[in-house]
Amino acid sequence: MNKPAENRYWGSQALPKSKTEFFNAVTTPGGSGDSTIATIRLYGPIDSWGGYWGVSAQDVGEVLDALPGTVDQIVLRINSGGGEVFEGVSILNMLRAHRASVTAVVDGRAASAASVIAAGCDEVVMSPGTQMMIHSPSVIAWGNAAEMRKTADILDGVEASIIEIYQAKAGDKDWSQLLADETWMTAAQAVEQGLADRVAVVPDAGETATAGADPDLESDPEDPEPLDSSPMLPRSSEPGSTKNKETITMSDTFLAQVRDRLGVTDANATEQTVLDALDESLAEAIDETPAPVATAVPEGTVVMDKEQHAQLVRDAQAGRDARDQQIKDRRDLIVAKAIETGRIAPANAESWRKQLDKDEDGVAALIQDLQATVPLGEIGHSDGVTNSDDANYEAIYGPKGA
């Protein structure tokens, strides 16, 4: 099996074609459960340029964003002479803010800004033969005396910030003097000073197959297990729509695994060939999906269309409204006939009507038994002749004076 691409390219070696060839993370299963350990190698200078010039906070942020959600431990392997202090502090704070615990393992040296990153991690392990160096911050400045004095004040503030990180790890010491002396420490001395927790060899997760590696690289038939057991697509922590900042390709190991599972026999199949085979497999899976089995309906249950049921409900309401109107008309008629036959007075009609709503049969029977109290028939009639008082007197008593 050919050796995958190295993580860092220095000296006379040709520059890599993509950033993932020299700075990335490899994840491996943890000791138990679904936990995952991510190994990140910080090898080289720390600067804000990033890219081929060193490791920037943006580089580290992109790697952290791409870690699987199961990662609960990060092993940060360090071999760096340091660089920009603010970039180093930014990297440290991103690691602190991550959900996983972070163990810094010094593989070569952790100097200057790299020592700040190491000291701020949850645990610091010095590999045998390694060193750590701390010193006062420095800067190249140009200007008049006032500008130089202002720059010196800024450096004093930066040093105070660095001391806070060292002090949180190792406690109170004459940090200003240690920094001014540019103190180099062996692995054992770093532990003695309290900037490291122990000296030990921490097993590495192993090299990962990266994008841009040898295209002829194939998986080892005797070891079919992938080096990265939990490949996942990167997840961005930034809001808004997805923006591809760099072309991402499959690793050779992952590509070989997918190819084998899809039954693609061509060992030299391209990514597009594998993706086409995947699309075809997914389409077949959809076609072969069995139709949902109808749920058994209990005996006596009637199943009907939703709109048909709604129409039946509307019809039932209309019939109920018509029935209510019939009842109202009938009770109104009972009261009207009772008034007409003289059984109840018109002034009491409303009271009798309310009683009918409460007990129609009983009240209707009571009304029927009532006697007419108001004569409605014709008792007499006028002949249309109006007599004078004298005429009426003579009709009864005779002529006056007789």
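A residue counts as buried when its relative accessible area is under 20%, as exposed when that area is over 50%, and as partly exposed in between (1.4 Å probe, protein chains only). The model is a predicted one, where local features need pLDDT of at least 70 and side-chain atom pairs count only at pLDDT 80 or more, while totals for chains, interfaces and linings use all residues. Residues are numbered from 1 along each chain as its sequence is written, and side-chain values use heavy atoms, with hydrogens and water left out.

The protein has twelve helices and eight strands; these are DSSP runs numbered from the N terminus (helices: H or I, at least four residues; strands: E, at least two). Helix 9, residues 306-340, spans 52 Å from first C-alpha to last, close to the expected 51 Å (1.5 Å times one less than its number of residues). At its N-terminal end sits a cap, Asp 305, with a side-chain oxygen 3.0 Å from the backbone nitrogen of Glu 307. Just past the helix, Gly 342 has a positive phi of about 80°.

What do the buried residues of helix 9 pack against? Helix 10 (349-358) and helix 11 (360-369). The buried residues themselves are Ile 327, Arg 331, Val 335 and Ala 338.

Now for the charges. Eleven salt bridges turn up in the whole structure, each a side-chain nitrogen of Lys or Arg within 4 Å of a carboxyl oxygen of Asp or Glu. In one of them, Arg 77 pairs with Asp 107, the closest N and O atoms being 2.9 Å apart. Arg 77 belongs to strand 3 (residues 71-80) and Asp 107 to strand 4 (residues 101-111), so this pair ties together parts 30 residues apart in sequence. Arg 77 is buried at 6% relative accessible area, whereas Asp 107 is partly exposed at 27%.

Finally, Ser 115 in helix 3 (residues 113-119) is buried, with 0% relative accessibility. Its side chain makes a polar contact with that of Tyr 166 at 2.6 Å (a pair of N or O atoms within 3.5 Å; within protein, one must be able to donate a hydrogen and the other to accept it, and residues adjacent in sequence count only if both atoms are side-chain atoms).

Methods: Contact means heavy atoms within 4.5 Å.
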